[in-house]
Amino acid sequence: MTTPVTIVGAGLGGLTLARVLHVHGIPATVYEADPSPESRTQGGQLDIHENDGQRALADAGLTDEFRAIVHEGAEALRMLDPHGKVLLEVPDDGTSRRPEVLRGDLRRVLLDSLPEGTVRWGRKVAGVRPLGGGRHEVTFADGSTVTSGLLVGADGAWSRVRPLVSDARPSYTGTTFVETYLYDVDARHPETAAAVGEGAMYALTPGKGIVAHREAGDVLHTYVELNRSAEWISAVDFTDPAAASARVAAEFAGWAPHLTALITDGETPPVARMIHTLPEGHRWERVPGVTLVGDAAHLMPPSGDGANLAMFDGAELAKAIAAHPGDTEAALAAYEEALFPRTEGFYADAREILDLCLGDSAPHGFIDFFRDAAEGQEGARDLA
């Protein structure tokens, strides 16, 4: 079977690509390893930026649907010290241009906007090989194959498509986020809920910190941030949730109990998210019939930009394809010519923000960042 536009990965970038292609009357097929849309959680809240994420959703014709899922009030932010003292308070005054939504809600909006059958679930890619003339054969774990006329890797950090265009592999940054959740927080964890507030809470010190977001439905979603070696992380037995929580919490001995409760009282098993990055300014030479979007193209540490860039990539690629009917190579060349310089500067921004969070100046460098931004510089709430 040959599919004209084959997209590997049903994340936000791949789905935005499929949706904007559909808007332009161009069919696409998305292949996703997950067995169903509900098979795993989709991560926490995202702030959707005016200049990229919101533009992509406008290109997709989904602005109203996006506005309907915004979590009002979620852009409030506070910085605490390890004892719970408030160092900085930034209320949500309703004027920000970066509203917050749950990643899962946004993904659902995109999925619902696609024709039935666009996404093929349970199709894990086992290998990809070029056939010549810009065509590629994609082999799935069940042994089935498809042949692509245009292949797009939207399959994230460990992309199976990336090796067709680049030898680059993600490297560990030395930082790991440990993810936990608390539910029904106002009733069951009132002191912790009060400390987090209505939006995002950051308690940061050099090398470690606790970051939590209040999500819709009385939920606190926490990322415990640690600068630790890969060996240190691998020595923590995350198959034993109680032991793993205790080991991570031990790194915060002496911190306020209502902050460490975000770790010790977690109601889901803690999950370690080791933060990886591609080389700064990652780019590749034009390879016929294949390209990348999102983390497959420009994986970098979390900085509030990743999902926005992925959606913008998808929308821009779709528009390039629509603008060059019958000429795939011209479309891909135009897309990549804009992609590489557009994303290059974000690597430095991501590295800087990670250093502000956990570097030697934490938390004061991070506080200064927000205070400067609040005085008129762009980016005040990118991490909220």
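A nonpolar core is a set of buried Ala, Val, Leu, Ile, Met, Phe, Trp, Tyr and Cys residues joined through side-chain atoms within 4.5 Å, where buried means under 20% relative accessible area, exposed over 50% and partly exposed in between (1.4 Å probe, protein chains only). This is a predicted model, in which local features need pLDDT of at least 70, side-chain atom pairs count only at pLDDT 80 or more, and totals for chains, interfaces and linings use all residues. Residues are numbered from 1 along each chain as its sequence is written, and side-chain values use heavy atoms, with hydrogens and water left out.

**Cores**
- The largest nonpolar core holds 58 residues, and Ile-7, Ile-48, Leu-106 and Leu-317 touch the most other members.
- Helix 11 (residues 306-323) supplies the largest share of this core, seven residues; helices here are DSSP runs (H or I, at least four residues) and strands likewise (E, at least two), numbered from the N terminus.
- Apart from this core lies another, of 22 residues, including Val-185 and Leu-262.

**Helix 1 and helix 4**
- The axes of helix 1 (residues 12-23) and helix 4 (residues 103-112) come within 9 Å and cross at roughly 25 degrees; axes are lines fitted to C-alpha atoms, for helices over the stretch in contact, and angles run from 0 to 180 degrees between N-to-C directions.

**Backbone details**
- A cis peptide bond, with omega about 0 degrees, joins Ala-362 and Pro-363.
- Pro-363 sits in the loop between helix 12 (328-358) and helix 13 (364-374).
- Asp-184, a residue other than glycine, has a positive phi near 50 degrees and is partly exposed at 34% relative accessibility.
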